[in-house]
Amino acid sequence: MSGPSPFATWWATYALATGIVSVGLDPAGYEVLSRIALALACAAWLVAAAGLAQRTHGGWRAETPAALTAVAAAAVLGTGFSAAGLQTLAEALLALAVLLWAVLLTVEAEGRRGTVFLRCVATQGLAVLGATLAAADSAAWLAHAALVLFWLGLALYCFALFRFQPRQVEEGRGDHWLAAGALAVSSLAGAQLLDADSARLYLWNEENSATLRTTTVTLLVLALIACVALLLAELFWPRHHYDVRRWATVFAAAVTAAAALAVAAALDVPWLGVAGEALLWIAVAAWLGCTAWALASARHARVRSRGRR
């Protein structure tokens, strides 16, 4: 069996991190920057998809983390396209992502690293896109389907948390941040479900709305606590070498900011929106830093390769 491809993994994780930065920038009012990030994420996703498509049937088990990341990225891209008014393209990405998700959900994932949370991330990504399209298309059935995915995603998170090895907080190379990112994308899904409700659709009764609000806010609080805890862990156990899994850290920071902005809008909490925008710029700085780190690492690798000849 062939091992996982760093090529596909890099492009898939880059697409996911960059796509969620785009999703966060749009509601904050930075439309041009959002569209630039969306274009970069789309290009990266196409490269990752092409790389994954070249894999043989026997190599798909090893590629499950990258493939699940590509599914989550497709859902995030669809959310970005929906915000840009391209609903047909967003719907096509939802259909493709659901198909791939259904296939990959039953594939056993190996290891106990942060990648165990990818099933939750992919599932909640579909919930986010489903809720977004439900609001855009006034489709109640899609909102209810997204709600099912939302609760399924939380169940998958609990399952992943049971499998996750706590030592990864000390030893992980970036993907351990998915423990926080999965909570944040779940909160984002809840906020989008709340925002999809309207007098026209009347999706949730008072009891259901209260439960969804409480769950969404709780998830956001837990995501923030997890981010602080993981940041402190990075200070105690610094990682000095670049790793492709570090893009999961950028994703966690960006999706937490996007979730804060979405919850602020859904629940009409202005101060949370201010905090969300501050978190967004921290995430943008992390994206820029990780990009520079990746380029410097690639350049160093080329220099070493030439020196060995």
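The model is predicted, so local features need pLDDT of at least 70 and side-chain atom pairs count only at pLDDT 80 or more, while totals for chains, interfaces and linings use all residues. Residues are numbered from 1 along each chain as its sequence is written, and side-chain values use heavy atoms, with hydrogens and water left out.

Let us begin with helix H6, residues 140–163; helices here are DSSP runs (H or I, at least four residues) numbered from the N terminus. H6 has 24 residues and reaches 35 Å from its first C-alpha to its last, close to the 34 Å expected, where the expected span is 1.5 Å times one less than the number of residues.

How do H6 and helix H8, residues 178–196, cross? Their axes, lines fitted to C-alpha atoms over the stretch in contact, come within 10 Å and cross at roughly 160°. That makes H6 roughly antiparallel to H8, a term for angles over 145 degrees.

Which residues meet at this crossing? Among them are Ala143, Leu147 and Phe150 in H6, and Ala182, Leu183 and Gly190 in H8; contact means heavy atoms within 4.5 Å.

Several H6 residues are buried, including Leu142, Ala143 and Arg163; buried means under 20% relative accessible area, with a 1.4 Å probe and protein chains only. Their cover includes helices H4, H5, H8 and H9.

Finally, I turn to helix H10, residues 247–267. Of its 21 residues, 17 are buried, so H10 is largely enclosed by the rest of the structure. Aspartate 268 follows H10, with a positive phi near 55°.

Key: Axes are lines fitted to C-alpha atoms, for helices over the stretch in contact, and angles run from 0 to 180 degrees between N-to-C directions. Helices (H or I, at least four residues) and strands (E, at least two) are DSSP runs, numbered from the N terminus. Angles under 35 degrees count as roughly parallel, over 145 as roughly antiparallel, 65 to 115 as roughly perpendicular and the rest as oblique. Buried means under 20% relative accessible area, exposed over 50%, partly exposed in between (1.4 Å probe, protein chains only).
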